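Open your viewer and get ready to select some side chains. We will stop at aromatic rings, then at charged pairs.

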Amino acid sequence: MKKFLIILILTGLFILYTGCNSSQKPSTGFEDEIYVVADSLEYEELKESLQASFEIEINTPSAEKLFTLKRVSPDQIQEIKNKKNIIITAPLNSSSNTSQYINSVADNAERRKLDYDHNFLLNKYNFWAKNQLVMILSAKNIQELQAKILNNKDSLLNVFQKISDKRLKESLYTSKYERKSIEGLLLRDYGWIIYVQTDYKLEMNDAQNNFVLLKRLQGSDIESWIFIYWIDNATAEYLNSDSIKSIRNRLTKKIYLTNNDESFFLMADGFYRTTEVNFNGRYALSTQGLWDTNAKNIQGPFVNYTFYDEKNARVYMLDGFISTTKYYKRNLIQQIDVILQSFLTKDELSKDRTDDLIYSIDNSINN
């Protein structure tokens, strides 16, 4: 009887909150938290596969997790309904409360989809709150569910990373905190733009060597750098891990840590990885990892995108990195990543946007 009442209450909540989409409030919570709705015994069996999929550790250089899982029981859904990231998981036909809840919120077509051998997930966006992702993971039995989670861990992680980036973009890309004068200058002189927040300054503008450096100073505890480098009359032959390392190390020697120019940034050998990605519709190589210095006394995370713009015969390298000894760096490097993703060439801008940015150029860009 108790179990029946729980399911009845949860189903009622589902109807109530999915019927209010027009007045949804923004989702809340930390970007790196995922709440997992599961019965305790089933969660213990699924815990290892879920952790292997989402609690990926990155070196910043301290070990930090991309996401942290927080289990809640199915009768606690009311308490987490506004959270950004939620997973609901159980075998489709077990007798657990979570399994019965999944059956209550999935329609007939969705249940059939979950019951097929090659399907095991449903992604429900804006389920109870704006910009929220509720991922339902289910299969015929616990062993099959474990295997499917592990076999698809990269794609599952990518789904949460994408919506997290989307939320962050909406909070970062605002005209109120935008330095259009710098963006207009870069567009006029070089034919591309990147979103520039008000607390960034144009640290280096080297037209002769096709190199631009933006620097952000947050007090004395956090420093952030973004650089854009391009090679004219290039080919796609530059798109390989060795070239990226060589070019990046050469460029970062321009960015000194000490006044006597004796210490400079390098990619930390053995602590970076290059993968193929889709960068705003372009084939690109993404390199992420650690930088250190030739003096070996400081390290931090970086993210780099390198791609070939066939229309303009240019290779672009976009790179961002941070330095702080005090703070959690996972979210800071994600912010840098999202800013890099704002990069556009002049061919991708509307005439109105181009005119607005060029008009915004003034004499205060270096202030």
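This predicted model holds 19 aromatic pairs. For one of them, select Phe307 and Tyr316: the ring centres are 5.6 Å apart and the planes meet at 35 degrees, so the pair is tilted. Colour by accessibility and you will find Phe307 buried at 0%, with Tyr316 also buried at 1%. Now extend the selection to Tyr190, Trp192, Trp230, Phe279, Tyr305 and Phe343, which ring pairs link with Phe307 and Tyr316 into a cluster.

Next, look for charges over rings. Show Arg248, which lies over the face of Phe302, 4.1 Å from the ring centre. Then move to Arg330, over the face of Phe67 at 5.2 Å from the ring centre.

Time for the salt bridges, of which the structure has 19. Start with Lys65 and Glu55, whose closest N and O atoms are 3.4 Å apart. Lys65 belongs to strand 3 and Glu55 to the loop between helix 2 and strand 2, so this bridge ties together parts 10 residues apart in sequence. Here Lys65 is partly exposed at 30%, whereas Glu55 is buried at 13%.

Now select helix 7 (residues 153-172), where Lys166 and Glu170 sit 4 residues apart, about one turn of the helix. Their side chains form a salt bridge at 3.0 Å, N to O.

Go on to Lys245 and Asp269, which meet at 2.6 Å, N to O. Lys245 is in helix 9 and Asp269 in strand 12, so the pair ties together parts 24 residues apart in sequence. Lys245 is partly exposed at 24%, while Asp269 is exposed at 53%.

Key:
Residues are numbered from 1 along each chain as its sequence is written. This is a predicted model: local features need pLDDT of at least 70, side-chain atom pairs count only at pLDDT 80 or more; totals for chains, interfaces and linings use all residues. Side-chain values use heavy atoms; hydrogens and water are left out. Rings of Phe, Tyr and Trp (its six-membered ring) pair if their centres lie within 6.5 Å; planes under 30 degrees apart count as stacked, over 60 as edge-to-face and the rest as tilted. Buried means under 20% relative accessible area, exposed over 50%, partly exposed in between (1.4 Å probe, protein chains only). A charge sits over a ring if NZ of Lys or CZ of Arg is within 6 Å of the ring centre and within 35 degrees of the ring normal. A salt bridge is a side-chain nitrogen of Lys or Arg within 4 Å of a carboxyl oxygen of Asp or Glu. Helices (H or I, at least four residues) and strands (E, at least two) are DSSP runs, numbered from the N terminus.
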